Amino acid sequence: MILSLSSFSRLRARTRLLLAFTILSVSAMILALVGWQGLSNTDRALNIFEQQALPDISRSLELAERTANLAAIAPYVTSAGTPYMLEGLSQTLKAKIEKVLSLAQRIPQLDAAAPNLQKLLQRLDSTVNELIDLTRQHLFLREDLREYEYRLRSLIDGTEPFDTVHSATPVTRLAEMLMTASHSQSADSLAITRQRFIRQLDSFHRSAAGGADHDYNELYAVGAGPENLFDLRLKQLSLEQRSAFLLASTRAISEQLSGEVQHFVDQIQSRISHESQRVGAAVSSGKTGILLISFLCIVAALGGVWMVRELVMNLASVTLVMSRLAEGDTHQQTPAIERSDEIGDLARAFQVFRENAVQIDRISHDLQEQSHLLETVFTNINDGLSVFDREGRLIAWNPQYLLILELPQDSLQKGMSIEQVHGLLSQEAQESWALDGMALDKDEVNQMRRQQPQHFERHFANGRVVEFRSSPMPDGGFVTLYSDLTERKTVEAQLRQSQKMEVLGQLTGGVAHDFNNLLAAMYGNLQLLESTLYDAPKPLKYARRALASAERGKNLTQRLLAFSRKQHLTPEPTAVDPLIEGMLDLIEYSVGSAIKIKLDLGAADWLVDVDPGQLENALLNLTINSSAAMPEGGTLTFCTRQCHAIALNGGVSDAVHIEVSDTGCGISEAHLRRVFEPFFTTKEIGQGSGLGLSMVYGFVKQSEGDIRVRSQQGQGTTIGIYLRRKAESAALPRADTVTTFNYGQNRCVLMVEDDHQVRDAGQALLEKLEYRVIAVASVDEALQQLNERDDIDIVFTDINLGTAVNGLDLAKKIDSQWPEIPVLLTSGLSVQHLSEQYGLQQTGIVLAKPYKLEELAMALDNTFTRHTDQGGRDL
Amino acid sequence: MKITKRGMRGARRVLAALLLAGAAIPSVAAEKTLSIGISVSDLGNPYFIQIARGAEMQAKQLVGDNAEVVVVSSAYDVKRQIEQIESFVAQGMDMILLSAASYDGVETAVLKARQAGVKVLAVDVKAKGADATITTDNVQAGMIACDYLVKQLGGRGNVVIINGPKVSSVKDRVAGCKAVLAQSPGIQLLSSEIGRAHV
């Protein structure tokens, strides 16, 4: 089975392990089978060897030995000295041949391997038997010959005593001849001896005496009778020959036998070696198989080990990350998440757990934070907070609850009823007030609090006002917020005051503006009238009275405008301390000798951007007010200080603090709120305008400063003025007022003024200054004139023309179409007002209404000069 | 190695015994002939030749030239000896001196010879049915020989008996020898079958 590594790694770990273990176990089983098979083969081969080969070998060996033995007996046979030995040999031989034959019969394959064995054995048997037989015959012949020899010896011995002298008797000679013949080794010599013996016996017989018959008979019997010595010896020799042949024959048979047996043994050997080769081949193939399967086993085992190791490692890493997670470390990357097996499942499941854990952690953290936040809010909000349950028992409250309701510390306990808590409040605070000031029934309110949002106030003895905002809760009960409204009420009062002052300012500003126009017309006309009445003293006196009244009216309107912050100011960098020092004589003159003046100046060289004349005016007003408060005399103190980074009109800046304090009667609290209102006065009617402090207020506010009053009845009043410090400290020298001016020299002025009275007065003044005047009421008319005429030298226009198109628009048009014509602007409004309302950028060229003749002349003059210098205007 | 060897002296003692026996033969007359058939075992053995010679000389002393002595050799072959005995009887021998090839193998022939009136003397070895037997004390001879051997070996050693034909003299000598050897614990008898025609 071949699996690509990638497809293998996609398998489940269980499948992989199963696969590895299956391969392992199958391999082991095959190994066992192969081993078993090999052992069985070997065992079978061994059995075959034991049952067939070994007996065959031993039998063949025995056979070989015995056949060799058989052949070896033959020489013994020939050398056997006695018949009994021969007999024994014969029996032995027979037994041996029997044994060999029986042995041969027990070897079934012998017939095929050695087909001649039996035949050879029979031949050997017969040959050896013949040999034995021959040998026996030979033995018997030998004994027969010995018998002959005994007889011959007896013959010789019998003749010896008679013939010792002679060399030999014929009998002896013949006997000895026979004796020699009995040992003759060849038939030929035997035949020769025989012939000689016969001849000599014959001659002996013929020559011998009668007494020698016995000898002769004996010799004859032995040498020539039946079965004589020669015959026996001859027979013996022929037996010996035959015996030698038989011996050779047995050797040949024996060799053939050996050959046969050897052939058989060779066959067995070859069979054994063939069997051994077969077994060897089987064993070696078995070994190869075992090696291969062992290798497979090892590979499978290694694979299994590798897999288990990898699994364990992955498990360990997941476990490590789990342990880390358990310790709170959620930033560990989950390993093996991409795997497709159980580890991957585990890792992914763990990932889900981890994400859950992280989420839970985060949620719990968020909750904790939220709860902490809520607790912080609960304990740190400015408002008091209480929660009552549906039975009206106190569940929770924050520290501010105690503070705001002025309850003693530790006086509250959980589960207290709302009535008990109520009882702890001061008497005043037990009354509830609706926002519109109506008194409420407390039980009714407490009942209502459970059902719908309630909003009411309670007032405490020290003037504190506490707002109750109560909301019912979904599961009954209600939660209440307690806000200390005292400060807010104060701020609201201040706001109301400031709004009132604003309205008053606007009102007075509007009235003063219109009144100012009226005065301008009156004043101009009165001036013109005055100039014509030099010859009539009485009308001149009336005219001058009227002019003085107009002058006073003008001053009044100026003060009204000052209060409404619409007066014309020319601020410049001013050092406060020298200013106060400079007006000290004026102050002393104003207050009289009963009042002691004290200076405490600490502003040093700090500068403020303020109109110095108006500042003097304001201080003088305060001085007069203070002196009025000290009819019996007292001390008036002027104090200045440098204030670093204080809150001022919604910003933070350095400021100079000017304080004017007296030791007078003081102002009651009720009056104190209204002191800056115009026409508010404590003096008798006709004794004061009630505009002094109002004007100071308007001036300070217009100068972007602040004014505060502090007074205690019977102890005096202190008024503090804060003026923003000017950044650059270098004080510019005050420009000298130009007092000389040039006349018009019949130059043409186009005057634009919607108010016909002002237009007429202005025209008259211009003409008096020797200007030619073309007076028009609107921009359209002015443009018409400009288009039609080419002799206009200057345009003098009011800014507010009562139409959508104003004087500034006209000036811009002229600048673009007739740049050679300069324009002088005029307005009853302050420069600040103009810049706010009309976007005016330049202050120097606006002539303030109402204007005097000199002011108009100088303004026209300056306009010409500037225009000439610059070659145009910059608005 | 032969344990016992028949010397001339032994043969002469046999001869003396033979003479005593001869003296008891009633049929021998002074004038008459005496024919003796002698069947020995081996004429190649001088002992037997001496027996034959001794008997022949004694016969010649008794009857002079009338003594007829026929010497044959059985070559230890029972059948041949039976034929020889029968031949002796047929020749009308007066007496047969018999070195039997077998103790009981020739009994029938011996009995037949005796029925025919021939005296049968067993010489050197016993023969069943013989009229008389003349032997040496072969048991004692075996004992003496082997006692000597044991002494020469110093009571310790391995011994082999080269046996001979199954005749009484040989059997007795082997028995005597074995009896001595059995009394010597240091002597180990390895075999007593060698020489018994087993190759």
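User: In what order do the 5 strands of the open sheet in chain A stand?
Analyst: Strands and helices are DSSP runs numbered from the N terminus (helices are H or I with at least four residues, strands are E with at least two). Two strands pair if DSSP finds at least two bridges between them. In this open sheet of chain A the pairing is parallel, and the order is β16-β15-β17-β18-β19.

User: What kind of model is this?
Analyst: Residues are numbered from 1 along each chain as its sequence is written, chains are lettered from A and ligands numbered from 1 in the order in which they are written, and side-chain values use heavy atoms, with hydrogens and water left out. Local features need pLDDT of at least 70, side-chain atom pairs count only at pLDDT 80 or more, and totals for chains, interfaces and linings use all residues, since this is a predicted model.

User: Which residue is the bridge partner of A:Phe796 in β18(A)?
Analyst: β17 (residues 794-798) of chain A pairs with β18(A) in the parallel sense over 4 bridges. Together with helix α23 (residues 807-817) of chain A, these strands make a right-handed β-α-β unit; right-handed means that, with the strands pointing away from the viewer, the path from the first strand over the helix to the second runs clockwise. The partner of A:Phe796 is A:Leu824.

User: Which residue of β19(A) is the bridge partner of A:Ser827?
Analyst: β18(A) runs parallel to strand β19 (residues 846-848) of chain A, and 3 bridges join them. One of these strands, β19(A), holds the partner of A:Ser827, namely A:Ala848.

User: How many of the 5 residues of strand β18 of chain A are buried?
Analyst: Buried means under 20% relative accessible area, exposed over 50%, and partly exposed in between (1.4 Å probe, protein chains only). In a regular strand, side chains alternate between the two faces of the sheet. On one side of β18(A), A:Val823, A:Leu825 and A:Ser827 are buried, and on the other A:Leu824 and A:Thr826 are too. The strand (residues 823-827) is therefore largely enclosed by the rest of the structure, and the count is 5 of the 5.

User: Which strand of chain A does helix α22 run at about 160 degrees to?
Analyst: Contact means heavy atoms within 4.5 Å. Helix α22 (residues 779-788) of chain A lies across β15 (748-752), β16 and β17 of chain A, and the strand at about 160 degrees is β15(A).

User: How far apart are the end C-alpha atoms of helix α2 of chain A?
Analyst: The expected span of a helix is 1.5 Å times one less than its number of residues. For the 67 residues of α2 (residues 13-79) of chain A, that should come to 99 Å. The helix bends by about 40 degrees at A:Phe49, the bend being the angle between axes fitted to the seven residues ending there and the seven starting there.

User: Which residue takes a positive phi in the hairpin of β5(A) and β6(A)?
Analyst: β5 (residues 454-459) and β6 (residues 465-472) of chain A pair in the antiparallel sense over 6 bridges, with A:His455 opposite A:Arg469. The hairpin has 5 residues between the strands, and the residue with a phi near 90 degrees is A:Gly463.

User: Is A:Glu406 buried, partly exposed or exposed?
Analyst: A:Glu406 lies in the loop between α11 (399-404) and α12 (418-424) of chain A. Its phi is positive, near 55 degrees, in a residue other than glycine. At 38% relative accessibility, A:Glu406 counts as partly exposed.

User: How many helices and strands does chain B have?
Analyst: Its pattern along the sequence is α-β-α-β-α-β-α-β-β-α-β-α-β. The totals for chain B are 6 helices and 7 strands.

Terms used. Axes fitted to C-alpha atoms, helices over the stretch in contact; angles between N-to-C directions.
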